[in-house]
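Dear colleague,

Please find below the structure for your review.

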Amino acid sequence: MAQNAHLHELSEAGVSVWLDDLSRERISSGNLAELIETKSVVGVTTNPSIFQAALSAGDSYDLQVRELAAQGADVDATIRTVTTDDVRNACDIFTPVYEASNGVDGRVSIEVDPRLAHDADKTAAQAIELWKIVDRPNLLIKIPATEEGLPAIAKTLAEGISVNVTLIFSVERYRLVMGAYLDGIEAAKAAGHDVSKIHSVASFFVSRVDTEIDSRLDAIGTPDATALKGKAALANARLAYVAYQQVFEVESRFQALVSDGARPQRPLWASTGVKNPDYSDTLYVSDLVAPNTVNTMPEKTMDAFADHGAVDTGSLVGRGPESEEVFTALSDIGIDLDDVFLTLENEGVDKFEKSWGELLDATQKQLDSASKG
């Protein structure tokens, strides 16, 4: 089967195409393998919302849940088993990609319990536990970039475990995430780990920034405010890429680790589904093209790009100065950017906690039903 031309061109420009979804149905039907063959997909990300949707749809998990109920498994153990089984099986499907890319791609992410987002020690402990349960070298453990998550990120990396840092909204927090990555790699090296085997991506959220700032611009309502709509998310991502280049291409701290085989922590553009119908449905893909990046897309966005996406290789690199101007204009017009990013982080954690709660409730009902049956 031939690769889609648009997505292949995106890959050739240095962007790794990852799917922001996973379910047992995708795995068992052969759909995931087909996406690798036809849509240039080289990785998968998951989150509590994705697993909640997967376990609530259809009957793919019913038999396993009944078996676990018969064994006396509680709801937390049941969720841990079914989700890690899916992720392990997805890792196996991606093994050829992982090997062909020398470990860069072929990655599958699983997130720690979002209820632990503000507890560094418990987050790190669960990250280590999930790594051991899945037991695949192409796994990424997803840890939120909350203030408490930063030391957990460093501690997990120090154990030789690859990490996907998620829920990054501001460039300021992103710089701290890169610092935590370097802390972890330095500690892993000191502990005798092969740092060339440790990989990380930093998931920088895109569309939610426009959604939040656009609503605030609408509330201001002036022509100058309206003119700034749809500009914040791309400017934010472009400034993040400037920070990435500074840390991993210029500054000496990372360069000192290169001879040990250390890998740069790649920027990953997340939340790339366009929520405003007035904007192009491929906006957060076409306009974020640069080497050594990842774009994780919902299937709807991936299909849109496959159909009519265009690769703009000048969309990201060298766009720092104009992006600074956008942020200056936003501040001048009355947008409190610190409050925007704090709001988005809190909402992100709350959303995943809510999805996890719904997942617990739905699974508990399945366990109760199985026990009665």
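Val 17 stands opposite Val 41 in strand S2 (residues 41-44), and three bridges join S2 to strand S1 (residues 15-19), the two running parallel. Strands here, like helices, are DSSP runs numbered from the N terminus, with at least two residues (E) for a strand and at least four (H or I) for a helix. Two strands are taken to pair if DSSP finds at least two bridges between them. S1 is also joined to strand S8 (residues 293-297), by five bridges and again in parallel; in S8, Thr 296 is the bridge partner of Trp 18.

This is a predicted model, in which local features need pLDDT of at least 70 and side-chain atom pairs count only at pLDDT 80 or more, whereas totals for chains, interfaces and linings use all residues. Residues are numbered from 1 along each chain as its sequence is written, and side-chain values use heavy atoms, with hydrogens and water left out.

Burial of S1

Five of the five residues of S1 are buried, where buried means under 20% relative accessible area, exposed over 50%, and partly exposed in between (1.4 Å probe, protein chains only). Val 15, Val 17 and Leu 19 lie on one side and Ser 16 and Trp 18 on the other, and both faces are covered.

Strand S6 (200-205) is largely enclosed by the rest of the structure, because six of its six residues are buried. One face carries Ser 200, Ala 202 and Phe 204, the other Val 201, Ser 203 and Phe 205, and both are covered. S6 pairs with strand S5 in the parallel sense over four bridges, and Val 163 stands opposite Ser 200.

Aromatic pairs

The structure holds seven aromatic pairs. Rings of Phe, Tyr and Trp (its six-membered ring) pair if their centres lie within 6.5 Å; planes under 30 degrees apart count as stacked, over 60 as edge-to-face and the rest as tilted. The rings of Phe 204 and Trp 269 are edge-to-face, because their planes stand at 90 degrees, with centres 6.2 Å apart. This pair links distant parts of the chain, 65 residues apart, with Phe 204 in S6 and Trp 269 in S7 (residues 266-270). Both residues are buried. The rings of Phe 248 and Phe 254 have centres 5.0 Å apart and planes at 80 degrees, so this pair is also edge-to-face.

Helix H9 (residues 149-158) is mostly covered, with eight of its 10 residues buried; among them are Leu 150, Ile 153 and Leu 157. Its cover includes helix H8 (120-134), strand S4 (139-144), S5 (163-168), H10 (171-190) and S6. Just after H9, Gly 160 takes a positive phi of about 85 degrees.

Ser 162 is found in the loop between H9 and S5 and counts as buried because its relative accessibility is 0%. A polar atom of its side chain lies 2.9 Å from the backbone nitrogen of His 199. Leaving aside neighbours within four places in sequence, Ser 162 is in contact (heavy atoms within 4.5 Å) with residues including Arg 107, Trp 131, Ile 141 and Lys 197.

Gly 192, in the loop between H10 and S6, counts as exposed because its relative accessibility is 63%. Gly 192 and Glu 159 are 33 residues apart in sequence and 9.8 Å apart in space, C-alpha to C-alpha.

The nonpolar core

A nonpolar core is a set of buried Ala, Val, Leu, Ile, Met, Phe, Trp, Tyr and Cys residues joined through side-chain atoms within 4.5 Å. The largest has 122 residues, of which Leu 10, Val 87, Ile 141, Tyr 174, Trp 269 and Leu 330 touch the most other members. Helix H13 (residues 232-250) gives the largest share of this core, 12 residues. Beyond four places in sequence, Ile 141 touches residues including Ile 110, Val 112, Leu 130 and Ile 161.

Yours sincerely

Key. Polar contact = N/O pair within 3.5 Å; in protein donor to acceptor, adjacent residues only side chain to side chain.
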